Amino acid sequence: MTLEYLQNYWWVLISILGALLVFLLFVQGGQSMLLGTRSKERRDLIANSMGRKWELTFTTLVVFGGAFFASFPLFYSTSFGGAYWLWVLILFTFVGQAVSYEYRRKKGNIYGTGFYDLLLFLNGSVGCILLGVAVSMFFFGADFTVTRGNLLDTASPVISRWGEGHGFEAIFDWQNLVLGFAVLFLARTMACLYMMNNISQDRSFFASLKRGVLLNGGLFLIFFLWFLTMLLLADGYTVTTGSYGYNETVTITPYFYLNNYIRLWWAGIALLIGVVMVLYSFIRSIMADHYTQGIWWAGIGVFLVVASLFWVAGFGGGAYYPSLSDPMSSLTIRNSSSSHFTLTVMSWVSLIIPFVLGYIWYAWASMDRHKLTSVELEEASHKY
């Protein structure tokens, strides 16, 4: 296996993990609805429906970061190490999520469930927006420089340096926020679709979830189409990578992502199929009297769309992490990857992934074999 083959292989794995993470953000979407739900019974149903899956999202986020660290360490050190304000805020919201599910209904809780519902709301709303901001920088760039020669500087062996904002400035970039809000409303829509499938509820609750699909799904489509239009009209970097991972030339290319979708026709097909599946899920869930399978149509569609975005960012000779302050510092899958030996060893380790996914699917099916009800919550020995 050549180094180029291994780099491509690991970028495909990264795209799969990223797409799976976005699908699982329906947990965060459900959490963002807690403060707007007046009925205590419904809040408990939402919290317990999402609580049975929250570890999957958290674990996938950790595995996604770990896979980046193993396969593309220069990105890991540049983004996670440089834009630390952005990532610290994301981490804070996820820590609040873990604490909330542990203590929300625990006896002796001096803060009450309202405090932990607030932490879950912050993870569901702010966490989704910030993750969207982080992903948006894959396309619209970030404020960093890479100087590989610094590795020989014993006084300050820091290869990557970030701008003064250290990721804070990215949060207030309107282009990044467009994708951030798209991710938020997608997560909320997916949460409604999941609860329509997972919770055995009265007709009024089901009707409210349908209205949630209509409202949040409509807002998602507005922000997503806005983001997709900006992306297809945006300039990109065409990069030629030389020896030792240095960029030899970086050329600003008009309509780079549009042309990349044309070159990578299979990525374009995945995008179109994914969009159609998501729209089908939204429309049928809204129009049908009692349709509960929308989460699967939308889930597969979201997976395909997100994976295609990763493919056009990394493949086709472009920079998947453009540098706004120094285009020559832009990261590609060629100049930011691990060594041939490391990628080879990790590729053998990655063969266990299908077995892990199989176990997750089995555990998911076991938990969702019976729909969640209020009676079950009252009788359950463990509840969130």
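This is a predicted model: local features need pLDDT of at least 70, side-chain atom pairs count only at pLDDT 80 or more; totals for chains, interfaces and linings use all residues.
Local features need pLDDT of at least 70 and side-chain atom pairs count only at pLDDT 80 or more, while totals for chains, interfaces and linings use all residues. Residues are numbered from 1 along each chain as its sequence is written, and side-chain values use heavy atoms, with hydrogens and water left out.

Overview. Helices (H or I, at least four residues) and strands (E, at least two) are DSSP runs, numbered from the N terminus. Of the 384 residues, 51% count as buried; buried means under 20% relative accessible area, exposed over 50%, and partly exposed in between (1.4 Å probe, protein chains only).

**Close-up 1. A nonpolar patch on the surface, built from Phe341, Val345, Val349, Ile352, Ile353, Phe355, Val356 and Leu357.** Together these residues have about 770 Å² of accessible area (Shrake-Rupley method, 1.4 Å probe; for residues, only the protein chains shown count as cover). To join such a patch, a residue needs over 30% relative accessible area and no salt bridge, and nonpolar side chains (Val, Leu, Ile, Met, Phe, Trp, Tyr) are joined within 5 Å; like charges are joined within 9 Å. A salt bridge here is a side-chain nitrogen of Lys or Arg within 4 Å of a carboxyl oxygen of Asp or Glu. Helices H14 (340–349) and H15 (353–367) each supply at least two residues, and H15 gives the most, with 4. Ile353 lies in H15 and is partly exposed, with a relative accessible area of 31%.

**Close-up 2. Thr332, in the loop between helix H13 (294–314) and H14.** Thr332 counts as buried, at 4% relative accessibility. Its side chain reaches the backbone nitrogen of Arg334 at 3.1 Å. Not counting residues up to four places away in sequence, Thr332 touches Val239, Thr241, Gly318, Ala319 and Tyr320 (contact means heavy atoms within 4.5 Å).

**Close-up 3. Ala134, in helix H7 (residues 112–140).** Ala134 counts as buried too, at 5% relative accessibility. Leaving aside neighbours within four places in sequence, Ala134 is in contact with Leu86 and Trp87. Ala134 and Gly167 sit 33 residues apart in sequence and 8.9 Å apart in space, C-alpha to C-alpha.

Terms used
A polar contact is a pair of N or O atoms within 3.5 Å; within protein, one must be able to donate a hydrogen and the other to accept it, and residues adjacent in sequence count only if both atoms are side-chain atoms.
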